[in-house]
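Visitor: Could you take me through one part of this model at close range, contacts and all? I'd like the cut-offs as you go.

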Amino acid sequence: MGDDENRSQKAIPAAVKAMVVDTLGGRVQVSWDPESAATPFGQLVFFAEFLEVSGLFDAWVEECPLIYNSPNAPKKRDVLGTWNLSILAGHRRYAHVTALRSDGVSP
């Protein structure tokens with residue numbers, strides 16, 4: 001516990017202004033703000049890039065036996081993406097998925 005207080009913080013180099021990350025939702029520009037507080041979802045964009053580059057998410061969507069017959073039904077990809085994001089956000093109940101509606105960044 002006391003070790004955290006003695007640990008010095010590493011500064012973000014000035015050369016690291018922003019980077020472009022390819023995700024399932026398209027290209028996202030990531031920039032670091034040394035003045036802002038840390039967020040629990042700060043690394044989410046890099047996991048999304050991993051899913052895009054590896055093709056794991058696309059393979060999962062392709063192999064999933066989920067079928068909707070209604071013309072108003074959401075796409076299977078959107079349902080699985082929301083479910084995956086909800087799990088990564090730590091939601092344990094279906095009702096908690098609605099918390100994603102107020103998040104303007106993660107979706």
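Guide: A hairpin joins strand 1 to strand 2 through two residues. The model is predicted, with local features needing pLDDT of at least 70 and side-chain atom pairs pLDDT 80 or more, while totals for chains, interfaces and linings use all residues. Residues are numbered from 1 along each chain as its sequence is written, and side-chain values use heavy atoms, without hydrogens and water.

Strand 1 (residues 18-23) and strand 2 (residues 26-31) run antiparallel, joined by six bridges; pairing requires at least two DSSP bridges. Asp22 faces Arg27 of strand 2. Strands are DSSP runs of E, at least two residues, and helices runs of H or I, at least four, numbered from the N terminus.

Now to Cys64, in the loop between helix 3 (56-63) and helix 4 (76-88). Cys64 counts as buried because its relative accessibility is 17%; buried means under 20% relative accessible area, exposed over 50%, partly exposed in between, with a 1.4 Å probe and protein chains only. Beyond neighbours within four places in sequence, Cys64 contacts Lys76 and Leu80, contact meaning heavy atoms within 4.5 Å. The C-alpha atoms of Cys64 and Lys76 lie 8.5 Å apart, with the residues 12 apart along the chain.

Cys64 also belongs to the largest nonpolar core, five residues in all, with Leu51, Phe57, Val61 and Leu80. Such a core is a set of buried Ala, Val, Leu, Ile, Met, Phe, Trp, Tyr and Cys residues joined through side-chain atoms within 4.5 Å.
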